[in-house]
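Here's a quick tour of one structure, put together for someone new to reading models. Have a look at it first, then work through the notes below.

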Amino acid sequence: MPVALIAENKLYLGPTVYYNSIYNESAIPLYPKSTDCGLYQSGNSSSLSFGLNAGYIIYPNFLEFDTKVLYDVRPLDFQYTNRTGLKVFVDNTYQELVLKHNLEASIKYLLLDLGVKYYPIKNIPIGVRGGFDISTEMFGNNYTNTETIDSPNGILFPDETRSHTIESGKMNINSTNYGLNLSIFGRYNRDSSFAIIPEITYRYQLNSTLADNEWSSNMLKVGLSAVWFLNLEKDIHSEQISNFTKDEQVIVEDTIRPIVYKNITINNINYLETTVTQTYPLLPYIFFDSASVDIPIKFVDKTNYKGEEYLPKNNISIYYQLLNIIGDRLSKDTSNTLIIKGVTDGREVIDSTDKIELARNRAMSVKNYLIQRWNINPKQIITKYQQLPDKISSTEYSEGYAENRRVELLSNNQSLFRPVIHEQYSEVLLKSKDLYFELEIENSDAAKNIEVELYNGKNLIYSNSSNKVQSKFIHYISDVSSLLSSYGQYSIRVLTRDRLSNIYDTTFVLPVTLKQNDFELARLNLIVFDFDSDKINETNQEYLDSFLSSQISNNAEIDITGSTDLLGGYEYNQELSQRRADAVRKIVQKYTTESQIKSCLGLGSDNIKFDIKTPEGRFYCRTVLIEVANPIDK
């Protein structure tokens, strides 16, 4: 839907119509003042309402008040089958007397609905409305309660009819009726003066329609309004100008004093720069779709691989380059041998022979990719295959089956799977939480609205507007982590329009400071723990020994953090992650003193950093992160 600028058009007015689907519930007796014979309880009906819709815009495309005045009809049509239990003699046999009761009613109200409209997403003309309505009967109130013999045939009431009226007339209703309304609406602007507003509303009735019995009418309403925006400010100004001569008009315009910006105050935005060395162990598995032998495109669509030093600093992004990393290493060291083992999840195909064939073809797919993409000597690659992995992920969860559909990469020379290491790179983190600035505006009473824009270089990253312009203008953004995540040059632009649509524009550079950390940081995300395991395998033991022996100085401070994926119970995951962290701590203690270990904490599944919808994301969550902070000599 296009969004029209309606900042100048404060009021709108137009017709509105609703189709109402009504859900009636009651406790009305079948016979007057007699509840023993049965009650009318529920029934559905429908109706139309129509009237006028008027509103006032508080903040354009954000907040509005609106009012609806409607002619509202609420019909009632209750049916009730009464098996009386009475036996009547007809056609030489006794048969049960069955009566059908029907209550029809219609109350015609004048309804006043007061509401507030809110647009939750800027520049998208879809919003929610909350309202409260009051209605009173002014146009009619009548009902008819009838009774009909349904069976047996040949029986009549004493008045010799099969159907008669028990009572009719006007119902004893409450003088007023109250309801709450919750709506979802849209706004389609043809131009700045006209809009069409579709709406879906649920109305909940707060009190009974009847004074002497229970009757509520909850409604699902589908409505449509056509409204015109009334530019009263423009009309009044035009009318005043028309009474002046041409020269006098110039004088009136000249009386609007120019807007001047003065004394801006902006808080500093602080960044911390840290020199980081990070070790990224490789997950030696390639996961396949069910019953598929095709390597997923995310592993093979990597034509721009330039070498490990150019890989992104991200675990999953590096993992998706696994085949290229292994292919590159095999091509550079022809003495290395790669073992490719294909497996299945055990249920992808039924026949055991087909399972073996599926596992074999998966291994061959990986082998063929390495030979064709990296020109690897086939003698460097050994393929194996079996129905299930040696270490099976739990099949208690469907995710476990996805983790077992894989090819495993192994080698007698573990250097083939050595981690990718990014050394001595700069990591800049935002330390500030918010952005605050204050600006004095001279002649602010002449301003119609003000806009604030935030730029990263020439790129607009944030904007906000307001019709309330005061001499001391304050703007506050509570969370700037996504806006200012990267260190750079930022600027704030302020635009103010006066009543004659003159624009006053100024730009301020955001004060940004970059502080150097007083320590260097070394990180290792120790993967991969097997499902539900805290055992450090031989490969991980080698990673740890290599990392700890090279990265810990005498004054280093060490933090150890264990984590899990979401599978399993919350409390169990907390305990499992703590066991993983403690297992790593025992090894760390061989390389340092106990006082240097500042924390050893299991977070369980509280700090998920990878996509747990994928097998690789879950494996990378089963980790222990070791962070070593080494002070910088000054």
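The buried residues of α9 are Asn573, Leu576, Ser577, Arg580, Ala581, Ala583, Val584, Ile587 and Val588. Buried here means under 20% relative accessible area, exposed means over 50%, and partly exposed is in between (1.4 Å probe, protein chains only). Keep in mind that this is a predicted model: local features need pLDDT of at least 70, side-chain atom pairs count only at pLDDT 80 or more, and totals for chains, interfaces and linings use all residues. Residues are numbered from 1 along each chain as its sequence is written, and side-chain values use heavy atoms, with hydrogens and water left out.

**More on α9**

- The buried residues of α9 pack against β25 (519–526), α8 (538–551), β26 (557–562), β27 (597–602) and β28 (624–631), where contact means heavy atoms within 4.5 Å.
- Helices (H or I, at least four residues) and strands (E, at least two) are DSSP runs, numbered from the N terminus.

**A three-stranded sheet**

- Three strands make an open sheet in the order β11-β18-β21, with antiparallel pairing.
- β11 and β21 (472–477) are the edge strands, each pairing on one side only.
- Five bridges join β11 to β18 (residues 435–442) in the antiparallel sense; two strands count as paired if DSSP finds at least two bridges between them.
- Lysine 262 has glutamate 440, in β18, as its bridge partner.

- Asparagine 263 lies in strand β11 (residues 260–266), and its phi is near 50°, a positive value in a residue other than glycine.
- Asparagine 263 is also exposed, with a relative accessible area of 52%.
- Alanine 291 has a phi near 60°, again positive in a residue other than glycine, and is partly exposed at 43% relative accessibility.
- A cis peptide bond joins serine 151 and proline 152, with omega about 0°.
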